[in-house]
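Welcome! Have a look at the structure before you start.

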Amino acid sequence: MSTPDNVMKFRARYEHIHGWGLFLLFVAAVLWFWFAVLLFLPYSIEGSYGTSTTCESRFSVEDLDRDRLICVDERNWPELLAVLGSSVPVSVVGACLYAVGKTNVQMSEHAESLARRIKADLKDQAQAHVKDEKDPVQAVASGSADGTNGTNGTNGTDGTDGTPSHTGL
C-alpha cells in the first residue's frame, strides 16, 4: 500500500519539528557544559604587562578574599546564572518540539499500519466470501452461508440438556 502524499507531508513536517527539538536540546546541552566549565574549572587572567593570575574555580572558593578581587570580577555569579538561565527555555522548547514531533510521526506510522491490516482483513474476508459462493455445498456444511453451523438453524442440540438433536439430519 502506497502512502498518500498528504500523509508523507504530515510526516515530513513533524520529522522537521522533531529535528528542531533535537537541535535545541543540543544547544541546551552546550549551554549546560559551558556553565559547568565556568563553575568548576580553574582559570587564569591575563594582566597588564604580560602577567598572568591563576584563579581557583568558583565552586571551590570558600572565602572571596579581597586580594583576589580580580578573580571575583572575572567570573561573577550573574554571568554564570545567565548562562544557566538561558539554557532553561531552550531545553523546555526543545523537549516539547522533540516530543510533539516524535509522537506525531509514530502515531502516523501506527495509523498507517492499522489501515494496512484492516485492508488486508477486508481483502481476506472478500476472498473467503467469494470462495463460499463458488462452493455452496461446502458453505452449507461448514455453516458459513447462513450464519449457523449447518444443522438446520440450530446449534446441534435439542436445547434441554445439551444432547445432540437428530432432527436436523
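## The buried side of helix α1

Helix α1 has these buried residues: Arg11, Tyr14, His18, Gly21, Leu24, Ala28, Leu31, Phe35, Leu38 and Leu39. Here buried means under 20% relative accessible area, exposed over 50%, and partly exposed in between (1.4 Å probe, protein chains only). Helices (H or I, at least four residues) are DSSP runs, numbered from the N terminus.

A word on the model: it is predicted, so local features need pLDDT of at least 70 and side-chain atom pairs count only at pLDDT 80 or more, while totals for chains, interfaces and linings use all residues. Residues are numbered from 1 along each chain as its sequence is written, and side-chain values use heavy atoms, with hydrogens and water left out.

## Exercise 1: the span of a helix

Work out what span helix α1 (residues 5-40) should have, and compare it with the model.

**Solution.** 
- Step 1: the expected span is 1.5 Å times one less than the number of residues.
- Step 2: with 36 residues, helix α1 should span 52 Å.
- Step 3: the end C-alpha atoms of α1 are 52 Å apart, which agrees.

## Exercise 2: salt bridges

Find the salt bridges of the whole structure and say which residues they link.

**Solution.** 
- Step 1: look for a side-chain nitrogen of Lys or Arg within 4 Å of a carboxyl oxygen of Asp or Glu. The search finds two salt bridges.
- Step 2: arginine 11 pairs with glutamate 112, with the closest N and O atoms 2.3 Å apart. This pair links distant parts of the chain, 101 residues apart: arginine 11 is in helix α1 and glutamate 112 in helix α3 (residues 77-134).
- Step 3: glutamate 112 also meets arginine 116 (3.5 Å, N to O), four residues apart in helix α3.
- Step 4: Arg11, Glu112 and Arg116 are therefore linked in a network of salt bridges.
- Step 5: check accessibility. Arginine 11 is buried at 12% and glutamate 112 is buried at 11%, whereas arginine 116 is partly exposed at 40%.

## Exercise 3: an aromatic pair

Classify the ring pair of phenylalanine 10 and tyrosine 14.

**Solution.** 
- Step 1: rings of Phe, Tyr and Trp (its six-membered ring) pair if their centres lie within 6.5 Å; planes under 30 degrees apart count as stacked, over 60 as edge-to-face and the rest as tilted.
- Step 2: the centres are 4.8 Å apart and the planes are at 55 degrees, so the pair is tilted.
- Step 3: phenylalanine 10 is partly exposed at 27%, and tyrosine 14 is buried at 17%.

How values were computed. Helix = DSSP H or I, 4+ residues; strand = E, 2+ residues; numbered from the N terminus.
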